[in-house]
Amino acid sequence: MPQVWGFAQSKEYWAAFFSSVVPARCRMPLLWICHQSQKQEMLLREEAQIYDPFVGIAVPQGLVTYLGVLATRGYESPFGFTVELLPRELIPNPIPVTRLVTAAAFPQETATNLANSGDLQFLEPHHWTSFKKIITQTNPLLASSLVTLESWQQRQGYLDRIFEISAQRRCLAEEEQEIFSILRALVRAAPDNQDALGYKALQSRRRVTLNSQFMPDREWEFLWKNMVDAWFGYVMTLTPQEISQLTDLNLTFDL
């Protein structure tokens, strides 16, 4: 089970992310800064990992309103010790912190610590288990989002491996897009129906796209196997709805 965090900030702080008109994948993460709090800084330094899930708390209302993941590990910045937050979901029916404390989904001291912005909470595994139960009761459409948050670190690890391979092959942005088009098509290609789905055409496209036309066959096979293994590892972390969108090549799929 991943480590989960609770970050309290003003409603305006959280709303700034979702008010942007640019696509979600292009929005800049929110900066969380430990303002002279050695306790928070030590906790983030020692425990927080990139892609850990978090819940966003709007204060002073005391409502859990957002779900997301850490976009970075903590680092020193001119503003202080900083971690970047990437909100993923707005909770349609926000949940009062007092209810979560009563249901053992938040630490007991949370309600008294949320008078001001800037509070940080560490959620133990039993807190997160209780929190998920309440979310699925109050916001059933977010059930799949919780699964996504828990697998985010694993899925991003697979994607990072694909980007690493494409960088090693010095692929341009357009070539990266072509790589993912090929990989998406592979998910649709049933092993017993590869010719009918244009699988052989993909064979020639992929070498060109990865700038590997002159690579020895054995090295190419090793490179492509690593790429495909990472890709299908990523696909295995997706929800059924995401896989349906992934395999419909007429739709844009946001990685």
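This is a predicted model: local features need pLDDT of at least 70, side-chain atom pairs count only at pLDDT 80 or more; totals for chains, interfaces and linings use all residues.
Residues are numbered from 1 along each chain as its sequence is written, and side-chain values use heavy atoms, with hydrogens and water left out.

Strand β1 covers residues 4–10, where strands (E, at least two residues) and helices (H or I, at least four residues) are DSSP runs numbered from the N terminus. Two strands pair if DSSP finds at least two bridges between them, and β1 is joined to strand β7 (residues 120–123) by 4 bridges, the two running antiparallel. With β3, strand β1 pairs in the parallel sense over 6 bridges, and here F7 stands opposite G56. Because 7 of the 7 residues of β1 are buried, the strand is largely enclosed by the rest of the structure; buried means under 20% relative accessible area, exposed means over 50%, and partly exposed lies in between, with a 1.4 Å probe and protein chains only.

F7 also belongs to one aromatic cluster, together with Y13, W14, F17, F18, W32, F54 and Y66. Rings of Phe, Tyr and Trp (its six-membered ring) pair if their centres lie within 6.5 Å, and planes under 30 degrees apart count as stacked, over 60 as edge-to-face and the rest as tilted. The structure holds 14 aromatic pairs, and one of them, F18 with Y66, is stacked, at 5.5 Å centre to centre and 15° between the planes. Since F18 lies in helix α1 (residues 11–18) and Y66 in strand β4 (residues 63–70), this pair ties together parts that are 48 residues apart in sequence. F18 is partly exposed at 26% relative accessibility, whereas Y66 is buried at 4%.

The backbone deserves a look as well. Most residues other than glycine have a negative phi, and most peptide bonds are trans. A cis peptide bond, however, joins V59 and P60, with omega about 10°, and P60 lies in the loop between β3 (53–59) and β4. Y51, which is not a glycine, has a positive phi of about 75°; Y51 sits in the loop between α2 (38–47) and β3 and is buried, with a relative accessible area of 15%.
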